[in-house]
There are 2 protein chains.
Amino acid sequence: MTYELFYWPSIQGRGEFVRLALEEAGAPYVDVARESGGMERMMELLNGARRPPFAPPFLKAGELLIGQTANILLFIGQHHGLAPLDEADGLWTHQLQLTIADLVAEAHDTHHPIAGSLYYEDQKDEAKRRAADFVANRIPKFFGYFERVLGEREFLVGDHLTYADLSLFQVIEGLHYAFPRALARCGGDYPGIFGLRERIAARPRIAAYLASGRRLPFSEEGIFRHYAQLDPA
Amino acid sequence: MTYELFYWPSIQGRGEFVRLALEEAGAPYVDVARESGGMERMMELLNGARRPPFAPPFLKAGELLIGQTANILLFIGQHHGLAPLDEADGLWTHQLQLTIADLVAEAHDTHHPIAGSLYYEDQKDEAKRRAADFVANRIPKFFGYFERVLGEREFLVGDHLTYADLSLFQVIEGLHYAFPRALARCGGDYPGIFGLRERIAARPRIAAYLASGRRLPFSEEGIFRHYAQLDPA
C-alpha cells in the first residue's frame with residue numbers, strides 16, 4: 001500500500017515528524033499537497049471526510065484517515081517496526097512522543113505567543129519575552145528530561161529505534177535552527193541526546209532523505225523559526 | 001487492582017480527565033497526593049522512577065507507570081471499555097482526545113501566554129490579547145469541529161461512550177467556568193456538544209462523582225481560570 005500524507009506543501013511543520021517515520025520505515029508514500037491538484041484534495045478531506053481531521057498532517061492508509069501527529073506515529077510505529085509491540089513499552093514510547101509534542105507546541109508559541117491568526121510582527125515584543133523564558137527554563141527542562149531518559153543507551157526505548165527517537169532528532173534540529181546561539185551555549189550539557197541527533201542523521205535512509213529534495217528547508221513559515229531578536233547573544 | 005493516580009492535590013487540572021474516566025469505569029483508585037504522605041511519593045516517582053513522567057498526572061497500574069493524559073486514557077480506554085477495541089475506531093478516539101488536549105493547552109495559555117513560571121499578574125495585558133483571540137477564533141474553531149464530528153449522534157465515536165466524550169464534557173465545563181459570558185453568547189451554536197455535556201453530567205457514576213468531595217472545585221490555580229477581564233461583556 002502506498003500511503004498518502006497530507007500536509008502543507010511548503011514547510012516541514014508537524015508533517016515532518018511523519019515524513020521522517022515513513023522515510024526510515026522505507027514505506028512508500030505520496031506527499032499529496034506537493035503534487036499537482038493535491039491542495040484541493042487536502043481541503044476536500046478536511047472539509048468533507050466522514051471522520052474529518054482537525055488540521056494537517058493526516059495520513060490516508062487505505063480506507064483509514066488518521067490525524068494528529070502522535071496518533072499517526074502510533075499507527076506507523078505499530079505497522080512498521082518503529083515501536084515496541086509490548087503494551088508497556090508501546091505506552092512508554094507514546095508517552096515520550098506526547099512530551100515531544102508539548103515541546104514542539106511551546107517552540108511554536110515562542111514566535112506566536114498571542115495568536116496564530118496574527119503575524120509575528122504583531123506580537124514580537126511578547127515573543128521576545130516568551131522566547132527568553134523558553135530558552136532559560138523550558139529547553140533545559142525538556143532537554144534535561146530526555147537526557148535522563150536516554151542515559152547511556154543508544155535509543156530512548158530499549159535497544160531499538162522508535163518513532164520517538166526520530167521525533168527527538170527533529171526537535172533538536174529545529175531548535176538548532178531557531179535558537180543557534182542558545183543551543184551552542186548549552187550543547188555540552190546534553191551529550192546523550194545531541195549524540196542521538198547525530199546518530200539519527202547518519203542512518204542511511206535518513207541521510208538519504210535529508211540530502212534529497214523531499215526534505216524541505218527550515219524557514220520563517222514553519223514551527224521552528226529563526227528570528228535573531230529571539231536568540232540574543 | 002487498585003490504581004494509583006498521581007496529580008497535584010488541590011486542582012482539577014489535567015488530572016481531572018483521568019479521574020472522570022476512572023470514575024465512569026468504576027475502577028478503584030487512590031488519588032495519592034491527596035492522602036497523607038502522598039506528595040512525597042509523587043515527587044519520588046517524578047525524580048526517581050525508572051521511566052520517569054515529565055509531569056503529573058501519571059497513573060500507577062501495578063508495575064506500569066503511565067504518564068501524559070492522553071496516553072493514560074488510551075490505557076484506561078482499552079482496559080475498561082471506554083474505547084473501541086477495533087484499530088480504526090480506537091485511533092479515531094485517540095485522535096479526538098489529542099485534539100481536545102490541544103484545546104486544553106490553548107485554554108491554559110489564555111492566562112499564561114508568556115510563561116508558566118510567571119504569575120498571571122505579570123502577563124495580564126498579554127493574557128487579555130490572547131484570550132480575546134481564543135474566544136473569537138479558537139473556541140468557534142474547536143467547538144464547530146466537535147459539533148460537526150458529533151452530528152446527531154449520542155456519542156463522538158460510534159454508539160458507545162468513550163473517554164473522548166468524558167474529556168469533551170470536562171473542557172466544556174471548564175470553559176463555562178472560565179468564560180461564562182462568551183459561552184452564554186455562543187451556546188445556541190453548539191446544541192449537539194452542549195447536549196452531550198448535559199448527558200455526561202447526568203450519567204449515574206459521573207453525577208455521583210460530581211456531587212462528591214472527590215470533585216475539586218474549579219479555581220484560579222487550575223487550567224480553566226475565571227478572570228473577569230478576560231471575559232468581557
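Predicted model: local features only at pLDDT ≥ 70, side-chain atom pairs only at ≥ 80, totals over all residues.
Is A:Arg214 buried, exposed or partly exposed, and what is its relative accessibility? At 38% relative accessibility, A:Arg214 counts as partly exposed; buried means under 20% relative accessible area, exposed over 50%, and partly exposed in between (1.4 Å probe, protein chains only). Residues are numbered from 1 along each chain as its sequence is written, chains are lettered from A and ligands numbered from 1 in the order in which they are written, and side-chain values use heavy atoms, with hydrogens and water left out.

**View 1. A:Arg214 forms a salt bridge with A:Glu23.** The closest N and O atoms of this pair are 2.8 Å apart; a salt bridge is a side-chain nitrogen of Lys or Arg within 4 Å of a carboxyl oxygen of Asp or Glu. A:Arg214 lies in the segment after α9 (204-210) of chain A and A:Glu23 in helix α1 (residues 15-25), so the pair ties together parts that are 191 residues apart in sequence. Helices (H or I, at least four residues) and strands (E, at least two) are DSSP runs, numbered from the N terminus.

**View 2. A 180 degree rotation superposes chain A on chain B.** The shift along the axis is 0.0 Å and the RMSD is 0.0 Å, with copies superposed by least squares on the C-alpha atoms of residues with pLDDT of at least 70 in both. The two copies are thus related as by a two-fold rotation axis. In chain A, the residue that comes closest to this axis is A:Pro113, at 2.9 Å (C-alpha).

View 3. Contact means heavy atoms within 4.5 Å. About 4000 Å² is buried between the chains, with carbon and sulfur atoms giving 52%; buried area is the accessible area (1.4 Å probe) that two parts lose on being put together, summed over both. A:Arg51, A:Phe54 and A:Arg129 supply 19% of the area that chain A buries against chain B, more than any other three residues. The copies meet through the same surface, because 100% of the interface residues of chain A are also interface residues in chain B.

**View 4. Salt bridges cross between the chains, and their count is six.** A:Glu126 and B:Arg129 meet through their side chains at 2.6 Å, N to O. This pair runs from helix α5 of chain A to helix α5 (residues 124-150) of chain B. A:Glu126 is buried at 13% relative accessible area, while B:Arg129 is partly exposed at 33%. Another salt bridge links the side chains of A:Arg130 and B:Asp109 (3.4 Å, N to O), and both residues are buried.

**View 5. B:Arg51 sits in the loop between α2 (38-48) and β3 (58-61) of chain B.** With 17% relative accessibility, B:Arg51 counts as buried. Its side chain makes a polar contact with that of A:Asp89 (2.9 Å); a polar contact is a pair of N or O atoms within 3.5 Å, where within protein one must be able to donate a hydrogen and the other to accept it, and residues adjacent in sequence count only if both atoms are side-chain atoms. Leaving aside neighbours within four places in sequence, B:Arg51 also touches residues including A:Trp92, A:Val157 and B:Leu65.
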